Amino acid sequence: VKHTEILNNRKSKHRIWTMSRVLIFVLIPAVFFIFPYSNYILLVAFLLTIVFFFTVNKWADSKRAMEIEMNHIALCEKELNVLEGDWSKYGQGEQFNDGRHPFSYDMDVFGKNGFFTYLNRTVTVQGEKRLASVLQNGAEDIEQSNQNIQYLTTKMEWVHQFIASSQGKVDEPNEKLLSELLPKTIGSIGYQKFMRFFVPILSFLTIVGYFIPKVSFPQLLMVLTVSFVLARIKSGAVNGWMTILDKERFRIQALQAQLEALQLLAIKDEKAKGLFDESLLELVKSLSQLQKLSAYRMNAVVNFLLNTLLAWDALLIIKIRKFEQTYFDKLDDLEMHLANVEVWISGSKMAYNNPQHTYASWSEGEFEFKHLSHPFVPISKRIANDFTLNSSECAVILTGPNMAGKSTYLRSV
């Protein structure tokens, strides 16, 4: 009920910003037809462009806020289904089935009613791949992983916020890392640094000359066109980045939401500081800014105004070059860190839904399990067993009639 009320409120706000955005978008080209000979036409168009940027940002924020509440409601519904034994709404991980793996294929780790489905609360492709890797190969640091899972089990409201805020609508998510997708081709930027100041000054002086008036309207258009061309020289690199950033905008949005959620948790609780890395948040904010700045130029009219008045493409090339030098080599660390967090969150949901869950302690030379049972079997029907294997034993022979539970026991181990 709480999230439904919040959703209705956010839908109303989103409708207001949608209408405002469309109105400003129509007005920008319209002023050139309504007042074709006005001396103030460029000034009005420029001011409308600023208002347009403002409304676009507000529209995007309101849309995202609305989507997060929708994700919350959907997540609650899925978790209620899980408590009733239905995990079908979560990914089953069939793509990770590998007949060459020592046990994952035979033990039903992936596929319908597999352990992957039971655990999976990941929201990104990298998180899903990391969970599959942990199930196949184990965690690098089991004790640290267990500590993080135990801690997150006590932060279930935050866990839901983390999942809901980092989900997005992606038709075909790309399995490659961002570092493999983004072109690293920006070379010398000396030309762009010069044009970053020359083009705005040239355009400004020409516009002032038009208002004095010392410059005719045809001369004004000619100079602005030249400014536009000068700003866009060597803009091919911007086009390449813009294409990738637009396709991966939901992934970037998810990464930023996840890090901001971790930052909020770390501020409230000292124990969470080990989960949060400030430098990674700076990285993803810089990448998100590049995505937004490149998205502004997708409208032809806005593109012309930005490049003639602000040398926008030159600015973008400078910012892309700075990002490459400062952050590019850390992109993999960003995605891998958050993928691990998604794995820990998946484990915390399983532990929270099963209060009887315990964490293994490791010692040399012996395996000992007490009251071991299969998690997919309803608690009311589970039959718990003990299992011990010491250093003097290397194998156990398990016998019993058909349908006695041998496979279930083996999968439990």
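# Cores, buried polar residues and ring pairs

Of the 55 residues in the largest nonpolar core, L152, W158, W241, L262, L287 and F323 touch the most other members. Helix 15 (residues 331–353) gives this core its largest share, eight residues. The model is predicted.

**Nonpolar cores**

- In soluble globular proteins, nonpolar side chains tend to be buried together.
- Take L152 as an example from the largest core. Beyond its neighbours within four places in sequence, L152 is in contact with W158, V159, L265, L275, W344, I345 and S348.
- There is also a second, separate core of 26 residues. Its members include I41, F53, L224 and L309.

- N354 sits in the loop between helix 15 and strand 1 (366–372). Is N354 buried or exposed? Its relative accessibility is 8%, so N354 counts as buried.
- The side chains of N354 and Y118 make a polar contact at 2.6 Å. Not counting residues up to four places away in sequence, N354 touches Y118 and R382.
- S165 belongs to helix 6 (residues 156–165). S165 has a relative accessible area of 6%, so it is buried.
- A polar atom of the S165 side chain lies 2.8 Å from the backbone oxygen of Q161. Leaving aside neighbours within four places in sequence, S165 is in contact with R64, I68 and A257.

**Aromatic pairs**

- How many aromatic pairs are there? The count comes to 15.
- W17 and F54 form an edge-to-face pair, because their ring planes stand at 75 degrees and the cut-off for this class is over 60. The ring centres are 5.9 Å apart.
- This pair links distant parts of the chain. W17 is in helix 1 (residues 2–34) and F54 is in helix 2 (residues 41–83), 37 residues apart.
- W17 is partly exposed at 24% relative accessibility. F54 is partly exposed too, with a relative accessible area of 46%.
- F96 and F110 make a tilted pair, 5.8 Å centre to centre with 45 degrees between the planes. Both residues lie in the loop between helix 2 and helix 3 (115–119), so the pair ties together parts 14 residues apart in sequence. Both F96 and F110 are buried.
- Ring pairs also link F25, F52, F53, Y296 and W312 into a cluster. F53 is also a member of the second core.

**Charges over rings**

- Which ring does the charged end of R21 sit over? It sits over the ring of W59, 4.1 Å from its centre.
- The charged end of R121 sits over the ring of Y90, 4.4 Å from its centre.

Terms used. Residues are numbered from 1 along each chain as its sequence is written. This is a predicted model: local features need pLDDT of at least 70, side-chain atom pairs count only at pLDDT 80 or more; totals for chains, interfaces and linings use all residues. Side-chain values use heavy atoms; hydrogens and water are left out. A nonpolar core is a set of buried Ala, Val, Leu, Ile, Met, Phe, Trp, Tyr and Cys residues joined through side-chain atoms within 4.5 Å. Buried means under 20% relative accessible area, exposed over 50%, partly exposed in between (1.4 Å probe, protein chains only). Helices (H or I, at least four residues) and strands (E, at least two) are DSSP runs, numbered from the N terminus. Contact means heavy atoms within 4.5 Å. A polar contact is a pair of N or O atoms within 3.5 Å; within protein, one must be able to donate a hydrogen and the other to accept it, and residues adjacent in sequence count only if both atoms are side-chain atoms. Rings of Phe, Tyr and Trp (its six-membered ring) pair if their centres lie within 6.5 Å; planes under 30 degrees apart count as stacked, over 60 as edge-to-face and the rest as tilted. A charge sits over a ring if NZ of Lys or CZ of Arg is within 6 Å of the ring centre and within 35 degrees of the ring normal.
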